[in-house]
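Please open the model in your viewer and keep the selection tool at hand. The tour moves from one selection to the next and says at each stop what is there.

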Amino acid sequence: MTPFDYRVPTSAGAAVDTVAANPAAVFLAGGTNLLDHLKLGVAEPEVVVDVNAVTSDEIRDDDGGGLWIGAAVRNSDLAADRRIRTRYPAVAEALLSGASGQLRNMATAAGNPLQRTRCVYFQDTTTPCNKREPGTGCSAVGGYTRYHAVLGASDQCVATHPSDLAVALAAFDAEVQVLGTGGTRVIPFVDLHRLPGDAPERDTVLERGDLVTAITLPALPIAAKSRYRKVRDRASFAFALVSVAAALEVEDGIVRDARIALGGVAHKPWRATNAEEALRGMPADEDSYRRAARLELADARAVAGLDGGNAFKIPLVARTLVAVLRELGGAR
Amino acid sequence: MTTLSDRQAIGRDLVRREGGLKVTGTAPYADDAEVDSPVFCRLLLSPTARGRVTGIEVPEVPGLLTVLRAGSAEKLTSTGDDELAVLQDTSIAFRGQIIGAVIAETSEAAREAARLARVACTEEPQDTAFSPDRDDLYKPEKVNAGYPTDTAQGDLDAAMRTADVTVERTYTTATYHNNPMEPHSTTALWDGENLLLWESTQGVHPVRETVTEVFGLAPERVRVVSPHVGGGFGSKGAAHANVIVAAMAARALPGRPVRLALTRREMFSLVGYRTRTVMRTRLASSADGVLSGVGMDVVAPTSKVTEFAEQAGVPTRMMYAAPHRATSHRLAALDVPVPTWMRAPGECPGMFGNEVAMDELAEELGVDPIELRVRNEPAVDPASGKPYSSRGLVACLRSGAERFGWSGRRRHRVGDWLVGTGVASSVYPAFRMPHSTAHLRYADGRYVVSIGAADLGTGTWTALAQIAADGLGVPVELVEARIGDTDQPYASVAGGSSGISTWGSAIVEAARAFREKHGTEPPDGAEATGEIGSNPAQGQYAMYAFGAQFAEVHVHADTGEIRVPRLFGMFAAGRIVNPRTARSQLIGGMTMGLSMALHETSVLDPRFGHVVTQDFADYHVATCADAYRVEADWIDEHDRHVNPMGTKGIGEIGIVGTAAAIVNAAHHATGARIRDLPLTLDKLLPHLP
C-alpha cells in the first residue's frame with residue numbers, strides 16, 4: 001500500500017477543492033471498495049479526503065413527494081427506511097441483496113453507485129487492463145468472463161458495473177446532485193455512468209473534484225409495486241450474474257407503464273427503455289414479456305472466454321426479466 | 001490388544017476445552033507468538049510461469065533490514081524436494097513462485113519494500129493448459145498414499161461388451177484450493193545454534209523432520225510450536241516453501257524473530273491445492289442390477305516441480321462387488337504450482353464420478369439407487385480379498401433413507417422451484433499411522449497427557465483427554481491434554497483422518513503402562529510412556545468408514561438457481577469419541593462438499609498461468625445462506641480390529657459423496673445430468689422448461 005496523506009476537510013467545498021487540485025487525490029466515504037484497492041495496489045492515491053463528515057446522512061421528503069438522500073446515508077439505514085420500503089421497495093431489496101451486513105453498515109448511498117468493476121483482471125495488477133492502465137489491453141476477453149458484459153461493451157473493455165443499488169436507482173428516474181468547482185449541478189442517474197467506448201478508465205461523467213452530495217428519487221407511484229431480482233452464483237455475498245429492477249403498472253390486463261433496469265450486463269446500470277416501450281399498451285402476458293426481453297437484448301453480444309465465455313447470460317437475462325414481469329404483472 | 005471396557009468419558013458430549021479462548025479472541029495462533037521485537041517478512045513472487053530471474057532491485061525503504069534473492073540466498077543442505085529448494089537458483093517454474101523476500105522492522109515497511117521491488121526476468125514459453133487429450137500424458141510410478149497406479153482384475157472390456165446394461169461416462173471435478181480460515185503463518189527465531197518455529201501446521205513433528213533435513217540440523221536443535229490452528233484441510237499437512245523462507249530470513253537476522261504470514265492471494269500459488277480430475281467411469285450390469293464390471297480411468301494435471309497424483313481411481317477398486325475391474329491414472333505435468341492433499345484426496349473426487357455413474361445406472365435399470373448399491377455389496381474387499389473389519393454401508397443407506405424420508409421420492413414442483421432428491425455413498429479408509437508416542441504424568445491429583453499432536457479446530461484437546469480418562473479409569477475432569485509442541489513426544493500428522501486413532505492408541509498404551517507401573521494410587525510425579533507401531537490387524541482386514549448422504553435440491557425453473565435446503569449424512573465410522581465435536585466435523589465436511597458441488601473452482605487462466613479467482617470474492621465457498629439444514633448422524637458401530645478405542649476417523653468422510661448426492665438430486669429435479677463440477681446455473685439453463 002502506498003503511503004498517503006489522510007485529510008478531513010471542514011466543508012464539502014474544501015473537499016472538492018482539494019481533490020480538484022490534485023490528480024492523485026480521492027474521496028473516501030464508506031471505503032468498502034477504496035480500501036480493497038489500496039491494499040491491492042489498484043488505487044495508489046497520494047491524498048485521501050474523508051467526506052463522511054461533510055456530507056449528509058439524512059433522508060428527507062422533498063416538496064414533490066420524492067426523497068432526498070444524503071450522500072453519506074449508510075446502505076443499512078437506507079434499506080431500513082420506511083419511505084424507501086413502501087415507496088420504492090426495489091431499492092430496499094437491491095440494497096439488502098448486496099454484500100454483507102457489515103459492509104452495508106459502512107457503504108454509502110453515493111459511494112455504492114461509484115464503486116468500480118469487480119473484473120478479476122482489473123483487480124489484479126499483474127495483468128493488463130485498459131481500465132486500470134489505459135492502453136495495456138483487455139485481459140478479460142478470452143479469459144474469465146462470467147461476470148462480464150453482454151450489452152454496450154467495447155473492444156477496449158467488457159467490464160460490468162457491480163452495484164445493486166445503482167440498478168434500482170436507474171429504473172426509478174433518480175437524479176444525482178453534484179458539487180464541483182463550478183458549483184452545483186444535477187445529473188440524471190441514468191447518465192451518471194458511461195459505456196466504456198475508447199475510454200474505459202472513466203466509469204462516470206463526473207469530472208475531477210466532483211462530489212456527489214445527494215441522490216434524489218422522484219415521486220413515482222409505479223415504484224410502490226416494484227421488485228429487485230438478483231441472480232447470482234450463491235445465495236448470499238456474491239455479485240449479480242444478472243439482476244432486474246422493475247415496476248409495472250397494469251390496468252384491465254394492459255400494461256400502462258413500466259420501469260426496468262438491468263444489472264450485471266453492462267458497464268453501467270442498463271435502463272431497459274426498449275423493453276419499457278415494447279410493454280406499454282400491450283397485454284400483461286407471457287408473450288409481451290418475452291417480446292420485450294427479446295427487443296431489449298437484440299444487440300446483446302457474448303464475450304468469448306474460458307469455459308464457453310458468458311453466452312449463458314443472454315438467455316439468463318431474458319428469463320429473469322420475464323419471471324420478474326410475470327410476478328409483477330400477475331399473469332402466467 | 002488393550003481394551004477399554006469401562007467407558008465413562010468416550011462418547012460423552014463435551015464442549016471443546018479451548019472454546020472460551022477462541023470465542024474471546026485470546027487463543028494464540030502462530031502469528032500471535034509472544035516474542036520480543038519481531039521483524040516482518042514479505043515475499044516476492046514470480047510474475048511469469050517460466051523463465052529466469054535476472055535481477056531484483058529493492059529501494060532503500062526506511063526500516064528495511066535485508067533482502068533474500070533467488071540464486072544468492074543461503075545454500076540449503078538438502079534440495080531433494082524441489083518445492084522446498086526455495087531461492088536456490090534463478091529458475092522460475094510456475095507463476096507465483098517465491099523468488100525473493102524482504103525483511104523489515106515493521107509490517108508496513110516490509111509491504112512497502114515488496115511493493116517497490118523491481119523484478120527483472122526472462123520469459124520462456126509456458127505450458128499451463130490442462131486437457132485430457134494432451135499427447136504427453138504419462139503414467140506415474142504410484143499415486144498419492146502409495147497406491148498402485150493401475151489395477152486390473154478379470155476382463156472389463158469383455159464384461160462391457162456382454163453386459164445387459166452399461167454406463168460409460170466422463171465426469172470432471174474442478175481445481176480446489178484448501179483455503180483454511182487462518183492463512184499459513186510462521187514466526188521463526190534463530191537463536192544462536194537453535195531454530196524455534198511457531199508454525200500453523202497439522203503436525204509439529206513432521207515440520208521438524210522437514211526443516212532439519214532441509215537445513216541439515218540435528219533434531220534437538222529445532223523446536224516447532226503450534227498451539228492453535230485455524231484449519232488446514234491438508235494444506236498444512238506438510239511444510240511448504242514459506243516455512244523454509246521464514247527460517248532462512250531468521251538465520252539472516254540472528255536473534256530477531258521473523259514473522260511471515262501469507263496473504264490469501266499468496267495461498268493460491270504456495271500451499272497446494274486439489275487438481276482437476278477427468279474420470280472416465282465404466283459400469284457393466286445385468287438387467288437386474290448386479291455389476292459384472294467397474295472401471296475408472298483418471299487423467300489429472302500435476303506440477304513439473306514435484307509430482308502429486310490425486311488417487312481418484314482408488315475408491316472404485318473397493319466400493320462395490322464385480323468380478324471384472326480396471327482402474328488407471330495418467331498425468332500431464334505443467335508449469336503450475338505444486339498440488340497437495342486436500343480433504344479426502346482420492347475419495348473426494350473419485351466418489352463423485354463413481355456415485356453419479358451409479359445413479360445413472362440405477363436410472364437406466366429403473367432400480368432405486370439405494371437398492372442398486374445394496375445389490376452390489378461385496379462379501380470381502382474386492383481390492384485386497386481381505387474381509388472388512390466392519391462395513392456399515394448398507395446400514396447407513398437403510399437407516400439414512402428412513403431418517404431422510406427417501407421412500408416415495410418423486411420429482412415435483414413447489415411454486416417456481418423444481419424439487420428432487422439424491423443419494424450417494426461415502427467411504428474413507430480407517431488409517432492409523434505407524435508411529436506415535438504419548439507421555440503421562442500424575443501430580444496433585446491430576447493427570448497430564450503430552451503428545452505432539454495437533455488441534456485444527458476439531459476438538460483434539462477434548463477428545464484426547466476423554467481417551468486418556470477411560471484408559472486410566474478416572475473422571476475426564478482430572479485429565480489435561482498438552483499438544484502442539486515438538487518438546488512433547490512424537491505424534492504423526494493430523495492427516496488421513498488418522499489423528500485420534502493413532503494418538504489415542506498411544507495414549508491408551510501409556511495409560512496401560514502407567515497403571516502397570518504405578519497402580520491406582522500413584523505417587524506425585526509418577527510417569528509412564530506409551531509407544532505404538534503399526535496396527536498388526538491392518539494386514540488381516542480391510543478397514544474403512546462408510547456413509548450415505550442424502551440431498552434435497554431445488555432448482556429455479558426460470559433462472560436455474562440451485563438451492564440445497566436439506567443435506568443428511570448417516571455414517572458408520574466406528575466409535576464416536578465426542579458426539580458434539582464429531583458432528584461438527586461431519587457437517588463441516590458435508591458443507592465443504594456442498595461448496596464443491598455448487599461453488600468452488602479455481603479458474604486458471606492459461607494465458608498467464610495463474611488462478612485468477614484468487615480471493616474470497618471470486619473463489620466462492622458456501623455461505624451460511626447456502627447451507628440451510630445440514631445434519632449428520634451415525635450408526636452404533638463396534639469395530640475391535642481398528643484400534644483400542646474402536647475409532648475410524650471422521651475428518652474426511654463428510655466431504656466424500658456430498659457433491660454426487662447433490663448432482664443426483666439436481667438430475668432428479670430437472671432431468672438434466674450435469675457431469676462437470678461445479679454445478680452452476682448456466683449448465684442447467686438449457687435444460688429448463
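Begin with helix H2 of chain B, residues 107–116, where the buried residues are Ala109(B), Ala110(B), Glu112(B), Ala113(B) and Ala114(B). A residue is called buried here if 20 or more other C-beta atoms, placed from the backbone, lie within 10 Å of its own, exposed if 12 or fewer do, and partly exposed in between. Helices (H or I, at least four residues) and strands (E, at least two) are DSSP runs, numbered from the N terminus. This is a predicted model, in which local features need pLDDT of at least 70 and side-chain atom pairs count only at pLDDT 80 or more, while totals for chains, interfaces and linings use all residues. Residues are numbered from 1 along each chain as its sequence is written, and chains are lettered from A and ligands numbered from 1 in the order in which they are written.

Now show the whole of chain B, whose secondary structure comes to 15 helices and 29 strands. Buried residues make up 62% of its 689 residues, and the C-alpha trace spans about 75 × 70 × 50 Å along its principal axes.

Then bring in chain A and select the interface, where 25 residues of chain B are in contact with 23 residues of chain A; contact means that two C-beta atoms, placed from the backbone, lie within 7 Å. The side of chain B that touches chain A has nine nonpolar, six polar and ten charged residues, where Ala, Val, Leu, Ile, Met, Phe, Trp, Tyr, Cys and Pro count as nonpolar, Asp, Glu, Lys and Arg as charged, and the others, Gly among them, as polar.

Moving into chain A, select the open sheet of four strands, which has the order S9-S10-S11-S12 with antiparallel pairing; two strands pair if DSSP finds at least two bridges between them. Its edge strands, each pairing on one side only, are S9 (226–232) and S12 (270–271) of chain A. Seven bridges join S9(A) to the antiparallel strand S10 (residues 240–251) of chain A, and Tyr228(A) stands opposite Ala245(A) in S10(A).

Finally, select helix H10 (residues 313–329) of chain A, which packs on the sheet and touches S9, S10 and strand S11 (254–263) of chain A.

Conventions:
Axes fitted to C-alpha atoms, helices over the stretch in contact; angles between N-to-C directions.
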